[in-house]
Amino acid sequence: MKSLLGRLRYRRLASTFTILATLSAGIIIGSIAAHGVRGQESSKVDTSDATPLKVPAPRDLSTDFTRIAKEVEPAVVNINTITLPKERQQQGRKLHGRNMAPQQQSPDDGDDDDQDDQSQGQGQDQNNLQDFFNRFFGMGPQGGQDDAGQERESLGSGFIVDPRGYIITNNHVVDKADKIFVKLPGDPDAGNLQGRPATVVGVDKDTDIAVIKIQTDHALPTVKLGNSDGAQVGDWVIAIGSPFTLSQTVTAGIVSAKNRTIDQSQAGQFQHFIQTDAAINPGNSGGPLLNMAGEVIGMNTAIFTQSGTYAGIGFAMPANVIVSVYNQLISPEHKVVRGSIGITFQPSVSPAVARVYGFKNGVRIGTVQPGFPADKAGLKPGDIITTIDGRAIKDGNDLVDDISARKPGTTVSIGYLRDGKSLTATVSIGDRAKMIAAAGKGADDDDDDNSAPSAPDAAQAKLGLQVSDIPQGAPAGIHGVVIENVKPGSFADEAGLGDFQGFVIVAVNRQPIHNVGEFGRIVAGLKSGSDVAFEVIDPQHRSLGSHLVGGTLP
């Protein structure tokens, strides 16, 4: 037994020694190989035939881009704003922090106090515009005001237009700021120097334009303003600003489009941008967009992005709008006054609707505010405005641009169609802001339930539309049929009725509707190729007027 155990121990030891010997041999061989490689690496290479490099003399390769950048950069400024938290304003606490607010972001966007201004029109417009950028432009706040009540800083750009220190920038750059500082290109950048204190001269929220001023003891360099109407799609343009705090950043691109309306609601009716692919990023807001003559043709205002940074689509407010607004903001009143006649309208209609109503160009009046100029002149809902002082009106934007540019108290001759007849009226121009304030909410808050069961629908097969009679107990004065259901992909859906489920069709091809039977008889007479126009209203908000949708029946 002992002999057997001894033999097992001997074999185990022999195996162990064999393994150790093999490992040792491998280590020795690897070391020798590595030593050989190092020896090759350390060997010297003959470089006697190599030619040393030389730094050549500077060459002047200046282009128009270089020239414009040198000329304009001294007049482009960095704007830094500080917004104090409510706790600090009320309690005097000194808290410090930093939150870089992105472009097109009001420093205190979530403030409930601003809601009080919404009924006055302009506050509502700005908030709607900001919501639009937040949803579709990725321009929402990066964290907003700190929960601990910290200060927040925002950065933007601007450009000097008067040697006495007047600067144009975006309203959203300075909106709600408690402190505004401007840093000129020549100012020192060391230490905690924030810049020169600036004061707000005036702002126009409708166009997102602001004018600020700094004190100076000498004439400052200024930009040259150009005529933005002369810019054409495809023209080279240059953007200068301070993206991500990187001041005096120059980028180039082209004019991608003109008269671009990015917000189709009332908030965007005064904002028709120049679109460009010049790189614009957070911090560029308020900086100039220049043509190749070195003239400012726009002010960089917003970008389309899903990441919060440049995605190839930027928007600049045209210089011609800026000039008009600036001249009013530096006036003694320091505000922009716009004309109005007291109507609402549908910005555009389909060609089929235009043919049914017998006009090629113009704007159909949706509502007329009682007691306002249009009402006093005899204009009514459904009238189609075709001319102003004899000039043909193309669309809603054309109408707004013309009327809003006129001074309150003046008069205008308006040509319009009513029941196919051409008429004219002399209308006084009112003050838009005062009229909005006087109109108030004006909403008709009917609470009746319009969810009656659907009656047999003769139009379902032809239009893909199911309607019902207006239920008993509905508010007096409402006639028509209720849109109950719209079949996806049907003619009614393609015509736009899918967006109006629950609304009331009051007329088809200008023929009033009172019940399902009348509606069915009119629809039965429609043939393939017929133009069909539906007039619809919201029974809960009749004061908003009617809306026209339609198309050509296949």
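The legends below accompany close-up views of a predicted model.

Residues are numbered from 1 along each chain as its sequence is written, and side-chain values use heavy atoms, with hydrogens and water left out. Because the model is predicted, local features need pLDDT of at least 70 and side-chain atom pairs count only at pLDDT 80 or more, whereas totals for chains, interfaces and linings use all residues.

**View 1. The protein chain as a whole.** The protein chain has 13 helices and 27 strands, these being DSSP runs numbered from the N terminus (helices are H or I of at least four residues, strands are E of at least two). Of its 554 residues, 45% count as buried, where buried means under 20% relative accessible area, exposed means over 50%, and partly exposed lies in between, computed with a 1.4 Å probe on protein chains only. Among contacts between residues at least 6 apart in sequence, 66% join residues at least 24 apart, a contact being heavy atoms within 4.5 Å.

View 2. The six strands close into a barrel in the order E1-E2-E3-E6-E5-E4, with antiparallel pairing; two strands pair if DSSP finds at least two bridges between them. From one strand to the next the twist averages 40°, with axes taken as lines fitted to C-alpha atoms, for helices over the stretch in contact, and angles running from 0 to 180 degrees between N-to-C directions. Helix H6 (residues 319-329) packs on the sheet, where it touches strands E2 (152-162), E3 (166-170), E5 (196-204) and E6 (209-214), and its direction makes about 55° with that of E6. Strand E1 (residues 76-83) and strand E4 (residues 179-183) run antiparallel and are joined by five bridges, and asparagine 80 has phenylalanine 181 in E4 as its bridge partner.

View 3. A nonpolar core is here a set of buried Ala, Val, Leu, Ile, Met, Phe, Trp, Tyr and Cys residues joined through side-chain atoms within 4.5 Å. The largest one holds 40 residues, of which Ile79, Ile168, Val182 and Ile212 touch the most other members. Strand E6 supplies the largest share of this core, namely five residues. Apart from it lies another core, of 24 residues, which includes Leu465, Phe491, Ala495 and Ile522. When neighbours within four places in sequence are left aside, the contacts of valine 182 include Val77, Ile79, Ile167, Ala198, Ile212 and Ile214, and also Asn78, Asp187 and Arg196. In soluble globular proteins, nonpolar side chains tend to be buried together.

**View 4. Glutamine 275 and isoleucine 303.** Glutamine 275 lies in strand E10 (residues 273-276), and isoleucine 303 lies in strand E12 (residues 295-303). These two residues are 28 residues apart along the chain, and their C-alpha atoms are separated by 9.2 Å. Isoleucine 303 counts as buried because its relative accessibility is 1%, and glutamine 275 likewise counts as buried, at 12%. The side chain of glutamine 275 makes a polar contact of 2.8 Å with the side chain of arginine 260; such a contact is a pair of N or O atoms within 3.5 Å, of which, within protein, one must be able to donate a hydrogen and the other to accept it, and residues adjacent in sequence count only if both atoms are side-chain atoms. Leaving aside neighbours within four places in sequence, glutamine 275 is also in contact with residues including Ile254, Val255, Ser256 and Phe315.

**View 5. Edge-to-face aromatic pairs.** Rings of Phe, Tyr and Trp (its six-membered ring) pair if their centres lie within 6.5 Å, with planes under 30 degrees apart counting as stacked, over 60 as edge-to-face and the rest as tilted. By this rule the count comes to three aromatic pairs. One of them is the edge-to-face pair of phenylalanine 65 and tryptophan 236, with 5.5 Å centre to centre and 85° between the planes. This pair links distant parts of the chain, since phenylalanine 65 in helix H2 (residues 64-72) and tryptophan 236 in strand E8 (residues 236-241) are 171 residues apart. Phenylalanine 65 is partly exposed, at 29% relative accessible area, and tryptophan 236 is partly exposed at 47%. Phenylalanine 500 and phenylalanine 503 also form an edge-to-face pair, with 5.2 Å centre to centre and 75° between the planes.
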